[in-house]
Amino acid sequence: MKWLTHQSAAVAAALALQLPPAGIVAACVGAVLPDVLDQRLAGLAGSKRARQRVFNRIHRGATHWFGWWLALLLAGMVLPLPPAERAALLGVGFGGISHVILDMLTPQGVPLQPFSRKGRFSLKLCSTGSLGEYCFLAAIVAAVWLFLGEDVLRLVRHVGQGRFFL
(Lines give C-alpha, C1' and ligand atoms only; values in the text may rest on other atoms or scores of the structure.)
Protein backbone atom coordinates (compact mmCIF):
# COMPACT_ATOMS: atom_id res chain seq x y z
CA MET A 1 0.00 0.00 0.00
CA LYS A 2 1.04 3.57 -0.60
CA TRP A 3 1.79 5.85 2.35
CA LEU A 4 -1.31 7.93 1.64
CA THR A 5 -3.52 4.87 2.11
CA HIS A 6 -1.68 3.83 5.27
CA GLN A 7 -1.95 7.27 6.80
CA SER A 8 -5.57 7.80 5.78
CA ALA A 9 -6.66 4.48 7.26
CA ALA A 10 -4.75 5.08 10.50
CA VAL A 11 -6.18 8.58 10.94
CA ALA A 12 -9.69 7.32 10.19
CA ALA A 13 -9.36 4.54 12.74
CA ALA A 14 -7.81 6.88 15.34
CA LEU A 15 -10.74 9.25 14.85
CA ALA A 16 -13.19 6.38 15.22
CA LEU A 17 -11.46 5.36 18.45
CA GLN A 18 -11.66 8.97 19.61
CA LEU A 19 -7.95 9.29 20.29
CA PRO A 20 -6.89 12.82 21.29
CA PRO A 21 -5.25 14.96 18.57
CA ALA A 22 -1.74 13.94 19.69
CA GLY A 23 -2.75 10.28 19.34
CA ILE A 24 -4.11 10.92 15.85
CA VAL A 25 -0.82 12.54 14.79
CA ALA A 26 1.10 9.62 16.34
CA ALA A 27 -1.14 7.14 14.46
CA CYS A 28 -0.28 8.95 11.23
CA VAL A 29 3.43 8.57 12.05
CA GLY A 30 3.03 4.94 13.14
CA ALA A 31 1.18 4.17 9.92
CA VAL A 32 4.36 4.63 7.87
CA LEU A 33 6.92 3.68 10.51
CA PRO A 34 7.36 0.03 9.38
CA ASP A 35 8.41 1.22 5.91
CA VAL A 36 10.54 4.06 7.31
CA LEU A 37 12.40 1.58 9.52
CA ASP A 38 13.03 -0.68 6.51
CA GLN A 39 14.37 2.30 4.56
CA ARG A 40 16.64 3.37 7.42
CA LEU A 41 18.01 -0.15 7.83
CA ALA A 42 18.66 -0.40 4.10
CA GLY A 43 20.34 3.01 4.24
CA LEU A 44 23.15 1.48 6.25
CA ALA A 45 24.36 -0.32 3.12
CA GLY A 46 27.11 1.37 1.11
CA SER A 47 26.09 2.25 -2.43
CA LYS A 48 22.67 3.17 -3.79
CA ARG A 49 22.48 -0.18 -5.56
CA ALA A 50 23.39 -2.02 -2.35
CA ARG A 51 20.77 -0.03 -0.39
CA GLN A 52 18.08 -1.02 -2.90
CA ARG A 53 19.15 -4.66 -2.77
CA VAL A 54 19.06 -4.66 1.03
CA PHE A 55 15.69 -2.89 1.07
CA ASN A 56 14.21 -5.45 -1.34
CA ARG A 57 15.49 -8.25 0.88
CA ILE A 58 14.29 -6.89 4.24
CA HIS A 59 11.10 -5.03 3.26
CA ARG A 60 8.02 -6.47 4.93
CA GLY A 61 10.14 -8.55 7.20
CA ALA A 62 10.60 -8.05 10.95
CA THR A 63 9.28 -4.47 10.95
CA HIS A 64 5.98 -5.70 9.52
CA TRP A 65 5.36 -8.27 12.23
CA PHE A 66 2.10 -7.63 14.06
CA GLY A 67 3.56 -8.44 17.49
CA TRP A 68 5.82 -5.38 17.83
CA TRP A 69 2.98 -2.97 17.16
CA LEU A 70 0.56 -4.84 19.39
CA ALA A 71 3.13 -4.66 22.21
CA LEU A 72 3.36 -0.86 21.80
CA LEU A 73 -0.42 -0.56 21.81
CA LEU A 74 -0.75 -2.70 24.94
CA ALA A 75 2.05 -0.78 26.66
CA GLY A 76 0.13 2.42 26.00
CA MET A 77 -2.93 0.87 27.55
CA VAL A 78 -1.39 -0.52 30.73
CA LEU A 79 1.66 1.58 31.64
CA PRO A 80 1.07 4.49 34.02
CA LEU A 81 2.00 7.30 31.63
CA PRO A 82 1.16 11.00 31.42
CA PRO A 83 -1.61 11.73 28.88
CA ALA A 84 0.74 12.98 26.15
CA GLU A 85 2.98 9.91 26.27
CA ARG A 86 -0.01 7.57 26.51
CA ALA A 87 -1.60 9.19 23.44
CA ALA A 88 1.68 8.95 21.50
CA LEU A 89 2.28 5.31 22.39
CA LEU A 90 -1.30 4.32 21.61
CA GLY A 91 -1.20 6.21 18.33
CA VAL A 92 2.12 4.77 17.13
CA GLY A 93 1.10 1.25 18.13
CA PHE A 94 -2.25 1.58 16.46
CA GLY A 95 -0.73 3.14 13.33
CA GLY A 96 1.74 0.24 13.06
CA ILE A 97 -1.05 -2.29 13.45
CA SER A 98 -3.10 -0.59 10.75
CA HIS A 99 -0.03 -0.64 8.46
CA VAL A 100 0.42 -4.37 8.93
CA ILE A 101 -3.30 -5.06 8.41
CA LEU A 102 -3.33 -3.07 5.18
CA ASP A 103 -0.21 -4.84 3.90
CA MET A 104 -2.01 -8.14 4.56
CA LEU A 105 -4.35 -7.17 1.71
CA THR A 106 -1.52 -7.21 -0.84
CA PRO A 107 -0.04 -10.30 -2.54
CA GLN A 108 3.31 -10.00 -0.70
CA GLY A 109 1.56 -10.10 2.67
CA VAL A 110 3.24 -9.91 6.07
CA PRO A 111 5.30 -12.34 8.17
CA LEU A 112 3.70 -14.56 10.78
CA GLN A 113 7.04 -14.71 12.65
CA PRO A 114 9.29 -11.68 13.23
CA PHE A 115 12.60 -12.88 11.76
CA SER A 116 11.47 -15.36 9.14
CA ARG A 117 10.70 -14.97 5.44
CA LYS A 118 8.61 -18.16 5.60
CA GLY A 119 5.03 -18.32 6.75
CA ARG A 120 3.61 -15.10 5.31
CA PHE A 121 -0.06 -14.16 5.45
CA SER A 122 -1.82 -12.45 2.55
CA LEU A 123 -5.45 -11.91 1.61
CA LYS A 124 -4.38 -10.94 -1.95
CA LEU A 125 -7.20 -8.42 -2.36
CA CYS A 126 -5.28 -5.63 -4.12
CA SER A 127 -1.79 -4.70 -5.24
CA THR A 128 0.11 -1.59 -4.16
CA GLY A 129 -0.81 1.36 -6.39
CA SER A 130 -3.60 -0.53 -8.12
CA LEU A 131 -7.13 0.65 -8.82
CA GLY A 132 -8.24 -1.63 -5.96
CA GLU A 133 -6.06 0.28 -3.50
CA TYR A 134 -7.45 3.63 -4.63
CA CYS A 135 -11.03 2.32 -4.39
CA PHE A 136 -10.21 1.19 -0.85
CA LEU A 137 -8.80 4.64 -0.07
CA ALA A 138 -11.92 6.32 -1.48
CA ALA A 139 -14.07 4.06 0.71
CA ILE A 140 -12.04 5.07 3.79
CA VAL A 141 -12.47 8.77 3.05
CA ALA A 142 -16.20 8.34 2.37
CA ALA A 143 -16.71 6.36 5.58
CA VAL A 144 -14.88 8.95 7.67
CA TRP A 145 -16.95 11.74 6.21
CA LEU A 146 -20.22 9.81 6.51
CA PHE A 147 -19.74 8.47 10.04
CA LEU A 148 -17.30 10.91 11.61
CA GLY A 149 -17.79 14.18 9.72
CA GLU A 150 -19.05 16.14 12.72
CA ASP A 151 -16.36 14.68 14.97
CA VAL A 152 -13.66 15.67 12.48
CA LEU A 153 -14.98 19.23 12.34
CA ARG A 154 -15.07 19.35 16.16
CA LEU A 155 -11.48 18.07 16.28
CA VAL A 156 -10.34 20.74 13.82
CA ARG A 157 -11.93 23.45 15.97
CA HIS A 158 -10.35 21.87 19.09
CA VAL A 159 -6.86 21.91 17.55
CA GLY A 160 -7.46 25.40 16.17
CA GLN A 161 -7.89 26.57 19.77
CA GLY A 162 -4.46 25.14 20.64
CA ARG A 163 -5.69 22.11 22.61
CA PHE A 164 -3.87 18.94 21.61
CA PHE A 165 -4.89 16.66 24.47
CA LEU A 166 -8.42 15.92 25.54
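This note walks through some helices and single residues of a predicted model.

1. **Helix α3 and its buried side.** Let's start with α3, which spans residues 33-42. Its buried residues are P34, D35, D38 and A42. Around the axis they take up an arc of only 95°, which puts them on the same side of α3. What lies over them? The cover includes α1 (3-16), α2 (21-30), α4 (48-58), α5 (66-78) and α6 (83-104).

2. Is Q39 buried, exposed or partly exposed? Its relative accessibility is 41%, so Q39 counts as partly exposed; the buried class takes in values under 20% and the exposed class values over 50%. Setting aside neighbours within four places in sequence, Q39 is in contact with W3 and F55. For a sense of scale, Q39 and L137 are 98 residues apart in sequence, and their C-alpha atoms are 24 Å apart in space.

3. **Helix α4 and its two sides.** In α4, the buried residues are A50, V54 and F55. Looking down the axis of α4, you would see these buried residues fall within an arc of 135°, so they line one face of the helix. The cover over them includes α3. Which residues are exposed on the other side of α4? There you will find K48, R49 and R53. After α4 comes R60, and its phi is positive, near 60°.

4. **How α5 and α6 pack.** For α5 and α6 the angle is about 155°, and the axes are 8 Å apart. The two helices are therefore roughly antiparallel to each other, since an angle over 145 degrees counts as such. The crossing in which α5 passes α6 is left-handed. On the α5 side, the residues that meet α6 are F66, W69, L70, L72, L73, A75, G76, M77 and V78. Their partners in α6 are R86, L89, L90, V92, G93, F94, G96, I97, V100 and I101. In this contact of α5 with α6, 15 residues are nonpolar, three are polar and one is charged.

5. **I97, a closer look at one residue of α6.** I97 belongs to helix α6. With a relative accessibility of 7%, I97 counts as buried. I97 and P34 are 63 residues apart in sequence, with 9.6 Å in space from C-alpha to C-alpha. P34 is one of the buried residues of α3.

6. **How α2 and α6 cross.** Helix α6 has a contact with α2 as well. The axes of α2 and α6 come within 7 Å and cross at roughly 35°. Is this crossing right-handed or left-handed? It is right-handed. From α2, the contact involves A22, G23, A26, A27 and G30, while α6 brings A87, A88, G91, V92, G95 and G96. The residues here divide into six nonpolar, five polar and no charged.

7. **S8 in α1.** S8 has its place in helix α1. Its relative accessibility is 19%, so S8 counts as buried; the cut-off for that is under 20%. Apart from residues up to four places away in sequence, S8 touches L137 and I140.

8. **Two loop residues with positive phi.** Which backbone angles might you check next? Q18 has a positive phi of about 60° although it is not a glycine. Q18 is found in the loop between α1 and α2, and it is exposed, with a relative accessible area of 60%. K124, also a residue other than glycine, has a positive phi near 50°. K124 lies in the loop between β2 (120-121) and α7 (131-160). K124 too is exposed, at a relative accessible area of 60%.

Definitions and conventions
Residues are numbered from 1 along each chain as its sequence is written. This is a predicted model: local features need pLDDT of at least 70, side-chain atom pairs count only at pLDDT 80 or more; totals for chains, interfaces and linings use all residues. Side-chain values use heavy atoms; hydrogens and water are left out. Buried means under 20% relative accessible area, exposed over 50%, partly exposed in between (1.4 Å probe, protein chains only). Helices (H or I, at least four residues) and strands (E, at least two) are DSSP runs, numbered from the N terminus. The arc is that of the directions from the helix axis to the C-beta atoms. Contact means heavy atoms within 4.5 Å. Axes are lines fitted to C-alpha atoms, for helices over the stretch in contact, and angles run from 0 to 180 degrees between N-to-C directions. Angles under 35 degrees count as roughly parallel, over 145 as roughly antiparallel, 65 to 115 as roughly perpendicular and the rest as oblique. A crossing is left-handed if the near helix is turned anticlockwise from the far one by less than a right angle, and right-handed if clockwise. Ala, Val, Leu, Ile, Met, Phe, Trp, Tyr, Cys and Pro count as nonpolar, Asp, Glu, Lys and Arg as charged, and the others, Gly among them, as polar.
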